[in-house]
Amino acid sequence: MIKKYIISEFMNTNTVTIRDSATFREAVDMMVENKTNGLIVVDNLQKVKGILSSWDIIQHIVPDYLEEDKHLAAFESGDVFIRRIKEVANTPVTEFMTSKVHKAHPEQSLMAAATILSEFHIRQLPVVDHNDVLIGYLNRTDIKKAIAEILSE
Amino acid sequence: MTFFIAIGIFAIAYAIIISEKIHRTVIALIGASLMIILGVISQEQAIEGVDFNTLGLLIGMMVIVDIAKHSGVFQYVAIWAAKAGKGSPMPIFILLGIITAVFSALLDNVTTVLLMTPVAFVIANNLKLNPKPYLFGTILLSNIGGAATLIGDPPNILIGSAAGLSFNDFIFNMAPASVLIAVATLLILFFWYRKEFVATDESKKAIMRFEPSEAITDKKLLIKSLIVIGLVLFGFFTHGFTHLEAATIALAGAALLLLLTFNEPDHHLQNAEWTTIFFFIGLFVLVVGLEQVGAIYFLAQKLFMITEGNLTMTTIFILWGSAFFSSVVDNIPFVATMIPLVKDIGTISGLALAPLWWALTLGADIGGNATIVGASANLVVSGMAEKEGHKIGFVEYMKVALPLTVVAMVISTIYIYWRYLV
């Protein structure tokens with residue numbers, strides 16, 4: 001079979017998803033359990049609501065006043081790290097996930113996918129069908145595999 | 001007919017600005033556009049009404065501060081103060097209060113509280129204390145310090161530009177009042193909170209381990225920023241000889257700092273608070289509309305009748321009236337409206353205007369302390385506090401701030417009376 005280099009040929013279908021009703025604590029547990037840095041947040045119909053990366057988790061535990069002024073981080077009291085994590089443990093994931101998600105369709109070309117990844121500096125691209133239901137995802141490694149394939153032809 | 005159109009536009013715009021239902025800049029621009037579209041003023045008149053000296057000074061300072069704050073210089077001073085206070089809550093409180101006031105005299109109030117509120121949290125967390133006294137101190141002293149100089153608070157820039165009052169005029173006339181009020185406020189806060197300010201030896205040690213130099217992220221930038229800030233202040237001080245306007249000095253300073261840092265200007269120019277600048281533009285045009293139809297002159301006549309043209313009466317009336325209005329309305333639109341009114345009072349009564357300008361400055365700058373919605377700086381602090389789970393209640397704040405504001409206004413009254421009216 002001749003490959004057309006479209007998304008469906010290279011995407012992963014066993015995606016790790018989390019429901020939009022989950023909390024900070026559940027998201028962290030799921031990431032650790034699945035050894036992943038990215039979760040796709042879906043609603044009850046498997047429609048994509050957002051993406052949650054370790055980055056979002058880390059950003060969420062940094063209080064706004066330190067984000068406002070990074071010069072002060074070195075002086076903050078050590079127990080603030082523990083206190084802050086306990087404070088945010090039950091925040092719904094919808095409050096700190098990235099909700100503006102770029103999505104792709106399975107029949108789109110890898111060039112389209114690569115363009116989105118490179119333009120927005122994102123790592124994961126959820127792939128949805130025409131009812132907006134999640135069917136897989138494509139990450140940077142998948143694109144790299146396709147590149148290597150072409151180079152070795 | 002245009003008389004009522006102008007008043008209608010102005011009153012509705014003001015009401016919506018106070019209600020905060022729609023962003024104040026959007027409303028000011030819509031009101032300004034309507035003044036022209038509905039034929040109250042022409043576009044030429046509108047543009048003439050925009051005070052470009054005020055805008056230039058604001059933009060220049062915004063760009064300079066935006067670049068300078070990345071060096072960590074302001075944070076360095078604040079952390080240094082905590083250490084100089086030997087880790088004891090009370091001396092730290094006083095030192096941070098003084099630094100807030102000094103920063104606020106050089107920077108605008110919102111920038112000051114954006115720098116000092118995070119410091120307040122970090123200090124309180126290290127001392128294991130309730131951050132509220134520090135937050136209240138930050139709000140109060142930022143507004144008090146802002147009154148001291150031409151560039152300390154946007155209303156001062158408006159007044160200075162319209163009345164031809166220089167940087168030195170402000171320092172000479174307003175800084176003493178600002179210092180007196182700051183001292184009184186800190187003393188009262190000291191007695192108010194003295195029982196809360198208790199720290200363990202361990203938390204004192206945590207503060208003593210601070211290494212202020214860690215706050216400096218860019219030493220080269222720090223030196224360049226200090227040189228430019230120094231030059232700009234020198235420019236303001238020597239206005240009497242050079243006759244260079246404040247906008248020229250600030251914009252030249254901004255250009256020089258951009259040149260010295262070889263920074264791409266895009267980012268720093270974007271970071272100027274254009275929403276505030278456009279709010280000013282909208283306001284200027286709104287006020288021109290009101291002036292054009294004689295509404296301001298009408299108000300000035302009424303005020304003249306109430307005070308019977310007595311200078312003392314008029315001055316005290318403006319001082320307390322400004323303080324009252326500024327505690328509910330943002331002081332920028334209030335002062336923008338009061339400026340032509342004070343000028344008209346001058347024309348009608350032939351009174352010396354200097355005491356009136358100083359009364360307007362003190363009332364508008366410090367009146368904002370009375371309530372948590374009284375000034376933009378107050379709202380910024382309460383917004384940050386709420387996110388950290390330390391919501392500042394309206395009444396909770398007013399219990400402390402209102403008496404302090406009344407004390408400040410009494411001091412202002414005595415100061416102005418003694419200095420200008422006897």
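The lining of the largest cavity holds five nonpolar, four polar and no charged residues. Here Ala, Val, Leu, Ile, Met, Phe, Trp, Tyr, Cys and Pro count as nonpolar, Asp, Glu, Lys and Arg as charged, and the others, Gly among them, as polar. This is a predicted model, in which local features need pLDDT of at least 70 and side-chain atom pairs pLDDT 80 or more, while totals for chains, interfaces and linings use all residues. Residues are numbered from 1 along each chain as its sequence is written, chains are lettered from A and ligands numbered from 1 in the order in which they are written, and side-chain values use heavy atoms, without hydrogens and water.

**The cavity in chain B**

- The count is one cavity of 30 Å³ or more. A cavity is a set of points on a 1 Å grid over the protein atoms alone where a 1.4 Å probe fits but cannot get out; lining residues have an atom within 4 Å of a point.
- The volume of the largest cavity is about 70 Å³. Volume is the space filled by probe spheres set on the points, with grid points joined across faces, edges and corners.
- Its lining consists of B:Phe93, B:Leu96, B:Gly97, B:Thr100, B:Met116, B:Ala120, B:Tyr134, B:Gly137 and B:Thr138.
- Helix 6 (89–106), helix 7 (109–127) and helix 8 (132–146) of chain B each give two or more residues to this lining. Helices (H or I, at least four residues) and strands (E, at least two) are DSSP runs, numbered from the N terminus.
- Helix 6 of chain B gives the largest share, four residues.

- In helix 8 of chain B, 15 of the 15 residues are buried, so the rest of the structure largely encloses it. Buried means under 20% relative accessible area, exposed over 50%, and partly exposed in between (1.4 Å probe, protein chains only).
- The expected span is 1.5 Å times one less than the number of residues.
- Helix 4 (residues 52–68) of chain B has 17 residues and should span 24 Å; its end C-alpha atoms are 24 Å apart, which agrees.
- Helix 4 of chain B is mostly covered, with 16 of its 17 residues buried.
- At the start of helix 4 of chain B, a side-chain oxygen of B:Asp51 comes within 3.0 Å of the backbone nitrogen of B:Asn53.

- B:Asn173 sits in helix 10 (residues 167–193) of chain B. B:Asn173 is buried, at 8% relative accessible area.
- B:Gly393 is in the loop between helix 21 (376–387) and helix 22 (394–421) of chain B. B:Gly393 is partly exposed, at 24% relative accessibility.

**Chain A**

- Chain A has seven helices and five strands.
- Of the 153 residues in chain A, 43% are buried.
- Strand 2 (residues 38–42) of chain A has five of its five residues buried, so it is largely enclosed by the rest of the structure.
- Strand 1 (residues 17–19) and strand 2 of chain A pair in the parallel sense over three bridges. Pairing requires at least two DSSP bridges between two strands.

Notes
On a 1 Å grid over the protein atoms alone, a cavity is a set of points where a 1.4 Å probe fits but cannot get out, and a pocket is an open set with protein on both sides within 12 Å along at least five of seven lines; lining residues have an atom within 4 Å of a point. A polar contact is a pair of N or O atoms within 3.5 Å; within protein, one must be able to donate a hydrogen and the other to accept it, and residues adjacent in sequence count only if both atoms are side-chain atoms.
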